[in-house]
Amino acid sequence: MEWFAAEDYDAARFVLQRGIALLYLVAFVAVQRQFRPLLGEHGLLPVPVYLERVGARTGPTLFRRRYSDRLLLAVGWAGAVLALSVVVGLPQSGPPWVPMLVFLAMYGLYLSVVNVGQVFYGFGWESLLLEAGFLAAFLGSDEMAPPVVVIFLFRWLVFRVEFGAGMIKMRGDVVWRDLTALYYHHETQPMPGPLSWFFHHLPRPLHKVEVAANHVTQLVVPWLLFLPQPMASAAAAVVVVTQGWLVLSGNFAWLNWLTMVLAFSAVSDDVLARFLPLADTGHAPSPVWFVVVVLAVTLLLVVLSWWPARNLVSKHQAMNASFNRWHLVGAYGAFGSITRRRSEVVVEGTEDDDPFTSDWHEYEFKGKPGSTGRWPRQYAPYHLRLDWGMWFLALGSPSQFRWFTRLLGRLLESDRPTLRLLAHDPFEGRRPRYVRARVFRYRYSTFEELRRTRQWWVRHEEGMLVAPQDLASMRRLG
């Protein structure tokens, strides 16, 4: 069974197992903090109502027969504890079936959440985390070498993430082909980070160099992941550096962080030892049962790879698509098109009885742009789902409006779980008399405007999305 063991990939397994588990921990913390006000029994899109409507079409989930907020909390806490155990290395110190069961449990718990998460969990990185956790279950424990087939399945996953994103860009918006995408992207991306303003104001020729380098990284470098060492490690380093650049320039939940972790599947101990001291470790032979299980899973994933492979060469390439209800071997990609202007929905309330009063106060969200003088925060890899939904709402997505009207109703009720999703409640827990939603055009301030006004953004009103509404009228709408 010597062919089965990847003797030179202990460091890669260390990073993969602990890195993936750490991001599962972040995801389960977000479940505990955000799921109930968004999707719970009294949430904006209640899971019980959703399950009643879609039935078995929702996919595998522990909530199929019955959802309750208590069960949801139990799922969140169980997932967080399991993830933390892997981060500190407890399951890996035992026989290979222990980390296998732990990772499969994390995968199953989070799959249960994603499959009832509706638009708030409709992101490609949810499937990416699920697929990564499923693969990590078959890396084995510290007593044996990681299986070489699993190492290459991880590289296949990185290939689909990077090459899929590169192809969707080339097939999509013209700004990727003429290298002007970054004239707009840093300003219009869903959730700018603290350095995004500075990235936006880099010289335009440098923006074109960045886009060209991105094309090389996503269309050429992924093929090098399958070459012998040290080329594979060099390709992984390029992926890590590029994704790190994206971490600095924006907030994309755990997408970039997870891609960096997955790229370590191409880094060998021999190459890494040139830069870091690594201890020599011996390995016991892989148990026969483990070899059989891993090869069976590998065969399954190879068969399932037909659909994403066909998607990569299709003229009608789908972006962030799942081809099965288990979210395994999916298609990935991001920003096939770039918006040229930024619109933001600004939510306001007033305590006055006259809805035409000028005494309106703005609700501040945690991550999305609001107050023009507020410096954007760094939240990734944590995922602010409500803020992302507000970005899609501003783009005119009709799937977001149903929950948004309910959000306005919760604000009129001064619902405490909902208010905890926000950065600032201007009424400090009191009920407003009316709420409204206006649409503003946002742009970054110039260097001169920032120096003079200390404002990161400049905004101008574009129109009214929701006219002033009181609680009775919002209940009729919702």
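Analyst: The charged end of Arg155 sits over the ring of Phe152, at 4.5 Å from the ring centre, where sitting over a ring requires NZ of Lys or CZ of Arg within 6 Å of the ring centre and within 35 degrees of the ring normal. This is a predicted model, in which local features need pLDDT of at least 70 and side-chain atom pairs count only at pLDDT 80 or more, while totals for chains, interfaces and linings use all residues. Residues are numbered from 1 along each chain as its sequence is written, and side-chain values use heavy atoms, with hydrogens and water left out. Another such contact involves Arg204, which lies over the face of Tyr183 at 4.0 Å from the ring centre.

Rings of Phe, Tyr and Trp (for Trp, the six-membered ring) pair if their centres lie within 6.5 Å, and planes under 30 degrees apart count as stacked, over 60 as edge-to-face and the rest as tilted. The rings of Tyr442 and Trp457 have centres 5.7 Å apart and planes at 70 degrees, so this pair is edge-to-face. The pair links distant parts of the chain, since Tyr442 belongs to strand β5 and Trp457 to strand β6, 15 residues apart. Helices (H or I, at least four residues) and strands (E, at least two) are DSSP runs numbered from the N terminus. Buried means under 20% relative accessible area, exposed over 50%, and partly exposed in between, with a 1.4 Å probe and protein chains only. By this rule Tyr442 is buried, with a relative accessible area of 0%, and Trp457, at 2%, counts as buried too.

The open sheet has 4 strands in the order β2-β1-β5-β6, with antiparallel pairing, and its edge strands, each pairing on one side only, are β2 (361-362) and β6 (457-469). Two strands pair if DSSP finds at least two bridges between them. Strand β1 (residues 342-350) and strand β5 (residues 434-444) pair in the antiparallel sense over 9 bridges, and Ser343 stands opposite Arg441 in β5.

Helix α17 (residues 385-394) touches β1 and β6, and its direction makes about 110 degrees with that of β1. Helix α18 (residues 401-413) touches β1, β5 and β6, and its direction makes about 80 degrees with that of β6. For these angles, axes are lines fitted to C-alpha atoms, for helices over the stretch in contact, and the angles run from 0 to 180 degrees between N-to-C directions.

The loops beside these elements hold some backbone details. Pro381 is found in the loop between β3 (364-365) and α17, and a cis peptide bond joins Ala380 to Pro381, with omega about 15 degrees. Arg454, placed in the loop between α20 (447-453) and β6, has a positive phi of about 60 degrees although it is not a glycine.

Terms used
Contact means heavy atoms within 4.5 Å.
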